[in-house]
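Please read this briefing alongside the sequence and the 3D structure shown below. The points are grouped by topic.

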Amino acid sequence: MLVTMRQVLDEAAKGGYGVGAFNVNNMEQIQAIMEAARETKSPVIVQASRGARSYSQDNFLYHLMLAATELYPEIPTVLHLDHGNSPETCKSAIEMGFTSVMMDGSLMPDGKTPSSFEYNVKVTREVVELAHARGVTVEGEIGCLGGIEDGHGAGLDGLSHLTDPAQAEEFVKATGLDALAIAIGTSHGAYKFTKKPTGETLKMDRLIEIHKRLPETHLVMHGSSSVPKDLQDIINQYGGKLKPTWGVPVEEIQLGIKNGVRKINVDTDNRLAITGAIRKVFMEKPEEFDPRSYLKPAREAMKKVVVQRMQQFGQAGHAGDYQPISLAEMAKRYATVPVSA
Ligand SMILES: [Zn+2]
C-alpha cells in the first residue's frame, strides 16, 4: 500500500526505530526491496534519484514502483524522490505520484555548488507549500554531504560543511519541512573513509545536539551504507578492483536512531551485493548468456543486504502496525498547522 513518508516516520518515532530508504533504478532492485520487506514485515521507503529517473525514463521507474505497491499490499510503501535539485524537479515527481520528495537546496540546481542559507530556505519552503497542499512529505537538507552520487553532491570530504545545530533549528522553523537530512561526516558512494571509523569519525555529538533542539523533526542520515568487507571481497575475488574502503558502522546508525534518526539512506551496499553476485556468475559459469542466470542471484544478494538492514534499523515487524492515511487527509492536517515565519 502506498503511504506518505510523514506517516511512516511518525510511526517510526513512536516505535523508536529507523526506516531504511533504498535506491532503485530497475525492476530487480525494486523486487529485492519488496521481497525483503515482505520477509521481515517492514514498512519501506523506495527512492529514486534524478540519475535513476533519467536512467530508467521516469515512467518505467514510476510504474515499477507502483507495481510494488499493488503486489505487496500489506507493506506500507513510500515512493520518494531522492535529492531533488529544484522545485521543478520536485513538482514533476509530485505530479507523477510520488508520496514524498527531497528538496536538496543545500546545493544549487547544478547539484554541485554549495548554496546560501537564504536560497535553501526559499526553495525548500516553496516545495513545502506545493507538496503539503497535496499531502506529500518533504525532506530538506542543511549542511553538505561529502562525495558525489548520481551527479549530485559537492564532492567534499564530508567534513567541510557539517550542519550547524542552531542553523538547523532556524531552517526547520522557516520551512516547515517534515524530515531533515544533516551532514555529520557521512558521504555518498563506496569510498567514505580511508580507515576504519572510530567513535570520533562521525560527528554524533552534533546529531545529538540537533535532535535536542528539534525533537519533533525526523532526522535523515544520507550516505549510510556500511560498505561491508565481505561484499567488497566477493567483488575483488571475482576480478573486481575495489580499493580498500570503510563505510558507516551499523552501531553508529543505531546510536543515531536512538537520537532522532528515522530515515537511513542505503545504496552503495546494494550496488556492491549486486555487482559481486554478477561477477561470481561470470567467472564461475562463463558459458551462461541468459541475463536471468546472473540477475536472479544479483537480486537475491541485494535482498539479503536489505533484510539485514531492516532488522538492524528496527523497522522489521512493523508493517502491520497502521492503516494508511490518504494524501487528501494529510493535506487537511497540514492546512491546520500553517508554516510559521
Ligand atoms: Zn544523499
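**Overall fold**

In the protein chain, among contacts between residues at least 6 apart in sequence, 76% join residues at least 24 apart, two residues being in contact if their C-beta atoms, placed from the backbone, lie within 7 Å. This is a predicted model, in which local features need pLDDT of at least 70 and side-chain atom pairs count only at pLDDT 80 or more, while totals for chains, interfaces and linings use all residues. Residues are numbered from 1 along each chain as its sequence is written.

- The protein chain has 13 helices and eight strands, where helices (H or I, at least four residues) and strands (E, at least two) are DSSP runs numbered from the N terminus.
- The radius of gyration of the protein chain is 19 Å, close to the 20 Å that the globule rule gives for 341 residues, so the chain is as compact as a globular protein of that length; the radius is taken over C-alpha atoms, and the rule is 2.2 Å times the number of residues to the power 0.38.
- The C-alpha trace of the protein chain spans about 65 × 45 × 35 Å along its principal axes.
- Of the 341 residues of the protein chain, 52% count as buried; a residue is buried if 20 or more other C-beta atoms lie within 10 Å of its own, exposed if 12 or fewer, and partly exposed in between, with C-beta atoms placed from the backbone.

- Eight of the eight residues of strand β3 (residues 77-84) are buried, so β3 is largely enclosed by the rest of the structure.
- On one side, strand β2 (residues 44-49) runs parallel to β3 and is joined to it by six bridges, two strands being paired if DSSP finds at least two bridges between them; the bridge partner of Ser49 in β3 is Asp82.
- Strand β4 (residues 100-103) also runs parallel to β3, to which three bridges join it, and Leu81 has Val101 as its bridge partner in β4.
- From β3 the chain crosses through helix α5 (residues 87-96) to β4 in a right-handed β-α-β crossover, meaning that, with the strands pointing away from the viewer, the path from the first strand over the helix to the second runs clockwise.

- Strand β5 (residues 137-142) and β6 run parallel and are joined by four bridges, with Leu180 in β6 as the bridge partner of Gly140.
- In β6, Ala179 and Ala181 point one way and Leu180 and Ile182 the other way, and all are buried.
- Three bridges join strand β6 (residues 179-182) to β7, and these strands run parallel; here Ala179 has His218 as its bridge partner, and the chain passes from β6 through helix α8 (residues 204-213) to β7 in a right-handed β-α-β crossover.
- Both faces of strand β7 (residues 218-221) are covered, with His218 and Val220 on one side and Leu219 and Met221 on the other, all of them buried.
- β7 is in turn joined by three bridges to β8, which runs parallel to it, and the bridge partner of Met221 in β8 is Ile264.

**Nonpolar core**

- The largest nonpolar core has 88 residues, of which Ile33, Val46, Val101, Leu180 and Ile182 touch the most other members; such a core is a set of buried Ala, Val, Leu, Ile, Met, Phe, Trp, Tyr and Cys residues joined through C-beta atoms within 7 Å.
- The largest share of this core, seven residues, comes from α12.
- Leaving aside its neighbours within four places in sequence, Val46 is in contact with residues including Phe22, Ile33, Met65, Val78 and Leu79.

**Helix α12**

- At 1.5 Å a residue, the 23 residues of helix α12 (residues 291-313) should span 33 Å, and its end C-alpha atoms are 33 Å apart, which agrees; the expected span is 1.5 Å times one less than the number of residues.
- The buried residues of α12, among them Ala298, Met302, Val305, Arg309 and Phe313, pack against β1 (19-23), α2 (27-40), α10 (250-258), β8 (261-266) and α11 (268-284).
- Pro291 is found in helix α12 and is exposed, with 11 other C-beta atoms within 10 Å.
- Just after α12, Gly314 takes a positive phi of about 95 degrees.
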